Amino acid sequence: MTEFDLSLLQKTDLFSKLNQNDVRFVSSHTEVINLPKGKLLFSAGEKAARFYILINGEIRVFKKIDDSNSKESMREEDMAQFTSGDTIGDFDFARGAEYDAFAEANTDSQLIVFPNADQTLDSLAIEEPQIICNILISAIVMMTARIKSTNKLLLNNMSWVQDLHRRAYEDAGTGLWKQTLIADEIIGSLKDKAALIMLKPDRFKILVDSRGHSAGDEAMIKIALILKNICRRIGNGWALRFKSNEVGLIFNNCDAQQAKEIAELLASEIACMEEVPAIEGENKIEVFHFSATISWCIWPFDGSEWMALFQGNYANLLETCKAGGNTIVHFSPKEKGKL
């Protein structure tokens with residue numbers, strides 16, 4: 001697409017809040033079509049799976065009315081007229097509805113189409129769920145500005161929004177939240193004190209190297225289940241996956257004593273994981289027992305800047321694990337101590 005076309009995308013309600021890179025992603029999944037005079041762009045009853053930006057030409061939108069008083073049983077009633085730069089069908093597209101009218105080219109016309117013929121919104125959501133989630137949230141904002149029944153609209157679409165939110169931030173392998181959720185949502189939800197508890201399973205590379213990636217994947221699923229169960233029991237928290245095998249918990253309204261107890265519970269449950277059956281080495285047979293290194297801290301008492309505290313706690317986790325692991329440490333920029 002040309003820069004001119006890109007600017008047209010950025011002017012639409014659906015894409016106006018996206019950053020430059022996201023708009024480029026959208027533009028890479030659009031196409032330009034030519035619609036001869038008299039041809040229909042869409043018909044009433046069709047699923048609104050795309051929307052259109054008119055580059056040049058003129059599009060007429062009309063309804064067919066059953067009129068028994070007319071000489072012909074059906075008459076056409078004009079609804080709207082679109083010219084260069086106008087967006088067509090975005091409201092129906094945003095609702096995932098069926099068109100209730102027809103769109104016809106009054107003149108030879110050229111339009112930008114999103115998504116293109118080879119894509120659907122669902123397929124794009126698999127590729128870039130966060131971008132599509134942002135577009136759909138923009139769609140809700142756009143719709144609420146156009147109709148009065150805002151509460152009803154949000155209620156009807158709540159499960160849809162929640163599903164997109166989950167797909168955008170959920171780690172597919174474990175079902176834990178991704179680290180991106182911290183910057184996008186969690187930081188803004190932190191209260192007077194919040195615990196950040198990070199965990200790294202010990203000797204994980206030995207497990208993967210000797211038993212394969214499938215054994216590592218299975219172990220991470222079990223660890224994730226432990227995290228999610230603890231999170232559910234305590235409430236007011238998030239279970240997250242930070243890197244490949246670094247995971248953790250964030251709890252609101254959690255003091256140092258509570259954080260220490262949660263860390264100890266977490267270490268205990270990791271140690272109780274079922275051992276991996278005998279692994280044959282070069283000259284011996286080994287059984288893999290699970291243990292973990294845990295580093296925890298309390299915001300804002302251990303550090304007032306969240307991201308600096310997060311990075312420091314993460315570095316402390318890696319350093320402690322490298323030094324031997326199988327321990328719990330409290331991270332503070334001024335003092336680090338084994339508990």
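Predicted model: local features only at pLDDT ≥ 70, side-chain atom pairs only at ≥ 80, totals over all residues.
Biologist: Why is Phe51 called buried?

Modeller: Buried means under 20% relative accessible area, exposed means over 50%, and partly exposed lies in between (1.4 Å probe, protein chains only). Phe51 has 1% relative accessibility, so Phe51 counts as buried. Phe51 lies in strand S3, where strands (E, at least two residues) and helices (H or I, at least four) are DSSP runs, numbered from the N terminus. Strand S3, residues 51-56, is mostly covered, with five of its six residues buried.

Biologist: What makes S3 and strand S8 a pair?

Modeller: Two strands pair if DSSP finds at least two bridges between them. S3 and S8 (residues 109-114) have five bridges and pair in the antiparallel sense, and within S8 the bridge partner of Ile53 is Ile112. S3 also pairs in the antiparallel sense with strand S6 (residues 87-88), over two bridges, and in S6 the bridge partner of Ile53 is Thr87.

Biologist: How many aromatic pairs are there, and what is the rule for counting them?

Modeller: Rings of Phe, Tyr and Trp (its six-membered ring) pair if their centres lie within 6.5 Å; planes under 30 degrees apart count as stacked, over 60 as edge-to-face and the rest as tilted. By this rule the count comes to nine aromatic pairs. In one of them, the rings of Phe51 and Phe93 have centres 5.4 Å apart and planes at 40 degrees, so this pair is called tilted. Phe51 belongs to strand S3 and Phe93 to helix H3 (residues 90-95), so the pair ties together parts that are 42 residues apart in sequence. Phe93 is buried as well, with a relative accessible area of 6%.

Biologist: What kind of aromatic pair do Phe51 and Phe114 form?

Modeller: Phe51 and Phe114 form an edge-to-face pair, with 6.3 Å from centre to centre and 70 degrees between the planes. This pair links distant parts of the chain, since Phe51 is in strand S3 and Phe114 is in strand S8, 63 residues apart. Phe114 counts as buried, at 1% relative accessibility. Ring pairs also link Phe42, Tyr52 and Tyr99 into a cluster.

Biologist: What is the form of the peptide bond from Phe114 to Pro115?

Modeller: That bond is cis, with omega near -10 degrees, and Pro115 has its place in the loop between S8 and helix H4 (121-127). The peptide bond from Trp299 to Pro300 is also cis, with omega near 5 degrees. These bonds deserve a remark because most peptide bonds are trans.

Biologist: What is said of the phi of Asn236, and is Asn236 exposed or partly exposed?

Modeller: Asn236 has a positive phi of about 60 degrees although it is not a glycine, and its place is the loop between helix H9 (213-234) and strand S11 (237-241). Its relative accessible area is 44%, so Asn236 is partly exposed. Asn326 likewise has a positive phi, of about 55 degrees, although it is not a glycine, but with a relative accessible area of 54% Asn326 is exposed.

Biologist: Why are S2 and S5 said to stand at the edges of their sheet?

Modeller: An open sheet of four strands has the order S2-S7-S4-S5, with antiparallel pairing. Strand S2 (40-42) and strand S5 (74-83) each have a single partner strand, so one side of each is left without a neighbour in the sheet. S2 is joined to strand S7 (residues 102-105) by two bridges, and these strands run antiparallel. The bridge partner of Phe42 in S7 is Ala103.

Methods
Residues numbered from 1 in each chain as written. Heavy atoms only, no water.
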